[in-house]
Amino acid sequence: FYILQDLAFMPVTIAIATLVVGEIINEREKKERLEKTRMLTSSFFTDIGAYLLKEILRMTDKDAFLTEVVRSGAYQSGTEKEILGRIQNAKLNVHLDGEGYTKTRQLIRENQTNILVIASNPLVIEHECFTEMLWGVFHLMDEFRLRGTWEELSKHDVDHFNQDFERVLRLLLMNWVGDVRYLKETYPDFYAT
């Protein structure tokens, strides 16, 4: 009787074990995909992101917190969640100038292929904040194409670009913090303040 009772519950036991093992495997695969995505984000910051960040910050009102974020990932001033919250709520005032517009436009146009290659990777879709940042950069790319050179811009165009640059700067900073945290934890030899 007990053998029959054990046999009766065996399919339930197998089903539960299969679900648990399947979930563990899915979690491991997700971590591996995230690891590969982190490599993409790091390559973005190496190719274009750090230069874009530097140029937009040059045109932004000075702020000690933002300077610390860029310099060190802001790990001296709080946890990653706290820092991302401060970035999300920070008042960013970008004052676009001709030099910044021209440099940023040239930087994005020269790296257009690299940005498209990174964006075409299916792993990026799982990284929502990074994807949103890429959309912001693509929007700038389109605006540069449509509006032309600095001399062709109206005051309304400059105001619009200030808002676009502020949005992209906020997303760049948020992704920068994540990238610095990843480097610091995973490759401490590559991390330097």
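Me: Before we dig in, what counts as a salt bridge here?
Reply: A salt bridge is a side-chain nitrogen of Lys or Arg within 4 Å of a carboxyl oxygen of Asp or Glu. This is a predicted model, so local features need pLDDT of at least 70 and side-chain atom pairs count only at pLDDT 80 or more, while totals for chains, interfaces and linings use all residues. Residues are numbered from 1 along each chain as its sequence is written, and side-chain values use heavy atoms, leaving out hydrogens and water.

Me: OK, how many salt bridges does the structure hold?
Reply: 8. One of them pairs the side chains of Asp-164 and Arg-167, at 3.4 Å, N to O.

Me: Where do Asp-164 and Arg-167 sit?
Reply: In helix 7, 3 residues apart, about one helical turn. Helices here are DSSP runs (H or I, at least four residues), numbered from the N terminus.

Me: And is Asp-164 buried or exposed?
Reply: Buried, with a relative accessible area of 2%, whereas Arg-167 is partly exposed at 46%. The cut-offs are under 20% for buried, over 50% for exposed and partly exposed in between, with a 1.4 Å probe and protein chains only.

Me: Which residues do salt bridges with shared partners join into one network?
Reply: Glu-55, Arg-58 and Asp-97. Arg-58 meets Glu-55 at 2.8 Å, N to O, and Asp-97 at 3.1 Å, N to O.

Me: Switching topic, what does Phe-165 touch?
Reply: Ile-56, Met-59, Val-94, Leu-96, Thr-104, Leu-140 and Phe-144, not counting residues up to four places away in sequence. Contact means heavy atoms within 4.5 Å.

Conventions. Helices (H or I, at least four residues) and strands (E, at least two) are DSSP runs, numbered from the N terminus.
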